[in-house]
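Colleague: Could you take one part of this model and describe it closely, with the cut-offs behind each term?

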Amino acid sequence: MNWEVVIGLEIHTQLSTKSKLFSGAAVGFGAEPNTQTTLVDLGMPGALPVFNKEALRMAVMFGHAINAEIGMTSVFARKNYFYPDLPKGYQTSQMDHPIVGKGYLDVTLDDGTTSRIGITRAHLEEDAGKSLHEDFHGMTGIDLNRSSTPLLEIVSEPDIRSAKEAVAYVKMIHSIVTYLGICDGNMAEGSMRCDINLSLRPKGQEEYGTRTEIKNVNSFRFIEKAIYTEIERQSDILEDGGKIVQETRLYDPEKNETRSMRSKEDANDYRYFPCPDLLPIELTEDYVEEIRQTLPELPSQKAVRFQSEYKLSEYDANVLSSSRAMADYFETANSQVKDAKLTANWVMGELSKTLNQEQLDIAQSTVSAEAFGELLIRIKDNTINGKTAKDVFQAMWLGEGSADQIIDAKGLKQVTDTGAIESMIQTIMDANQAQVEQYRAADEDKQKKMIGFFVGQVMKASQGKANPGIVNPILAKMLKG
Amino acid sequence: MFDQSISTLAAQLRNKDISSVELTRYFLDRIAKLDPQLNSYITLSEDVALKQAAHADTQIQHGDASLLTGIPIAHKDLFCTAGTLTTCGSKMLNNFIPPYESTVTGRLQNAGAVMLGKTNMDEFAMGSSNENSYYGAVKNPWNLDTVPGGSSGGSAAAVAAGLAIAATGTDTGGSIRQPASFCGITGLKPTYGRVSRFGMIAYASSLDQAGPMAKSAEDCAHIMQAMAGFDDKDSTSSETPNDDYLSNLNAPLTGLKIGLPKEYFGDGLDAGVADVIMAAVKEFEKLGAEVKEISLPNLNLSIPSYYVIAPSEASSNLSRFDGVRFGHRCEDPKDLLDMYMRSRAEGFGQEVQKRIMVGTYALSEGYYDAYYLKAQKIRRLIKQDFTNALQEVDVIMGPVAPTTAFGLGSKTNDPVAMYLEDIYTLSVNLAGIPAMSIPAGFSNNMPVGLQIMGNYFAEAKLLNVAHQYQQNTDWHRQTPDMAKGA
């Protein structure tokens, strides 16, 4: 049977507010357990939530970025369930009246195809704490530092039809929230987590199949692998004439399999109702418009500008604008170099390669955009050639100094003095008279092949510093005799 | 001395006729002698009280005192008091010592008031008789065989018996007014949002409101002056500026329009109570007020509406008592579920468990629309009834409760009869308006309270109306015999 996969994603994005959604406690990763908590996060009797307006501003920014309707009146609701790291016995979330309503994103795949993914809603909610099962000798430790951390839950329509499309969509959300500066995008620390709703149906069938939900997948790679694994599992069952059980599953990246967490029958009745401790959030048109005005340039807008302003290819423009940090790095460097193609090649080439090897983000680059620009200027003005520049870059990466300092210290400046190059060539010709004779006897085609030998000798003698643009014509002329 | 007004005592303190430490010791002695008969306190905070009293004396010495400086009061045991046991009348919290101070108790402390202790109450403020306390029932000082009303029964009994000058209470469906009525004292439930709920252990968040309980409207005004006002720690607290509750007390009542809702005088109202209320209304007419009959047509829907909304909110509010972080945890739990179930079954009393179950049911999938949403619609109708009526009249008057204090144990097996006790008080909470209970006479030797209801943020008006009545009557100066025994 030819199956069509239907995917909807719920992405939990941690908003990078200074303090929590309903308390003044600081938000941070990796602090000592229960040190970043207030009465509110601990669920103390009598403690009351106070809404963080910064989270509201961020949610509205996101709404604008996905072309969504903004909820002019949105309401916090309580989602009631018992869990040890849920200190109040309910999570404050939004149900009937979310802050962000219907919107969409146009997602472009690597093969250039574009599809529109509908976004049902995005709502504000607080995170729970963490249960720690190790080191407590059969007991469970509770860390409430994360309790009441603000999340924006972004719910897509079931519009996604492949793992690649899912990853492209998540990457796009990731790029938007980091562009907006509303999320640090650090997936390893849980700043973005994804629930995958997936079902299969025979191609051409309108009705959806029974879906499963894979909870809490936290990397692009795992999202892709979890989807492939779940598609395979579901299609195996369906091919054998079986039925899919509606349930919540967990993806295990080590075994690359999903396994059942709980079935629909065990699902909680969350008894949502409007939170009586918080007033409805009423927005004014002015407020919403003011945020629209202050919205930064978004990735898709930036990619278009890079093509027109810098004459970059669509591919280069898309890669460079995929993260705000990379786009900023490119633009800062290029403001000095003023050669967009050269800068683009080096940012996407040597710099990205090194970052990947070191598993670092561009924001963590040891070479600043300014320093990087200075290096590229030395290529552009022929002080060094591209090959030497790679060595200079590696030295810069290791902190040996600026491009100019390294070029000076290592004497890497290209030899552009024609007299010096002529005498160097003369010495090489004298030492290789037989080759010179052969060259002079050969026809033009053969000569073109043979000249490489002499270029190599010059480069060797100059320790790579001879400028090939100058060497080549002089060499050709002198060999001719 | 126990029946003196706050302003008289404040003058004596300033004149150094007495020190706050002496006054505090006097009340602590009275409590030691008389409270065994009443059980109105759960916790006595003797050390805290004497420390605060000594501090108050220093302030008075330095001429740095407010009217409440050095005045001994009591707090209902659902206000979190830093370092002092706060039980909410429940076994669940019999070991809970809050690490922080509620806004209400903090403000009163800042105003110089001395905390004698924490008063008994129905568990988690659920009850109309104070028989639902894990720490035992409270007796009514006017007749030890009757209930003091609830849920702020301990506060009402303590003030009536002269075991505190004044006390804080909370009112979710009548919990200040009904015990004030039963015990013959003055109590005010302010407009929802007038007093901060921060640090008040929640029963039903959209209805709970703290207020003063004292001998007179004037004393209530002094307490209100300190406790009311916007608090940025409570999102539902109102930014409307406070009125001055004292400056308007003596305004004449000439031309005051009083509405008597006919629904408050129908079947079920005890004849003796009705007589007292009508006599009080006559008194107001003598003071120049005009009386007219009005209608609050949805009154009878207030009980079903309240008993859906309040338990729904309570079922969620009380989820945090799970044995994980504070409060009671069962012995040797087998697993997580066992810990939850046994901790809660052991920690909560019957009435609390009943309301949690009712609320859980009302919020459940498939029932939500029929119960919770419907109740919210009724709530809007009730609110509209009051808004309409208060366009015609300045205040609304009627009984607080259908009867005087009933016998201990007489209604514990009849929950519907118990819930009907609140018929005249619930709608005020559903609407969010302020209301008072003031002593208006006796029926069969038991006090009867007159209820005065007003428009949103009209506390100053209510206190003025009550004060004028009290200037011309002495029902609020009556003292139960047991209080004279020490």
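Modeller: In this predicted model, helix H5 (residues 299-310) of chain A packs against helix H7 (residues 324-337) of chain A at an angle of about 20°, and their axes are 12 Å apart; helices here are DSSP runs of H or I with at least four residues, numbered from the N terminus, and axes are lines fitted to C-alpha atoms over the stretch in contact, with angles running from 0 to 180 degrees between N-to-C directions. H5(A) and H7(A) are therefore roughly parallel to each other, a label given to angles under 35 degrees. The crossing of H5(A) past H7(A) is left-handed, in the sense that the near helix is turned anticlockwise from the far one by less than a right angle. On the H5(A) side the contact (heavy atoms within 4.5 Å) is made by A:Lys302, A:Arg305, A:Phe306 and A:Tyr310, and on the H7(A) side by A:Ala327, A:Asp328, A:Phe330, A:Glu331 and A:Asn334. By class, the residues of this contact are 4 nonpolar, 1 polar and 4 charged, where Ala, Val, Leu, Ile, Met, Phe, Trp, Tyr, Cys and Pro count as nonpolar, Asp, Glu, Lys and Arg as charged, and the others, Gly among them, as polar.

As for the conventions, residues are numbered from 1 along each chain as its sequence is written, and chains are lettered from A and ligands numbered from 1 in the order in which they are written. Local features need pLDDT of at least 70 and side-chain atom pairs count only at pLDDT 80 or more, while totals for chains, interfaces and linings use all residues, and side-chain values use heavy atoms, with hydrogens and water left out.

Notes
Helix = DSSP H or I, 4+ residues; strand = E, 2+ residues; numbered from the N terminus. Parallel < 35°, antiparallel > 145°, perpendicular 65-115°, else oblique.
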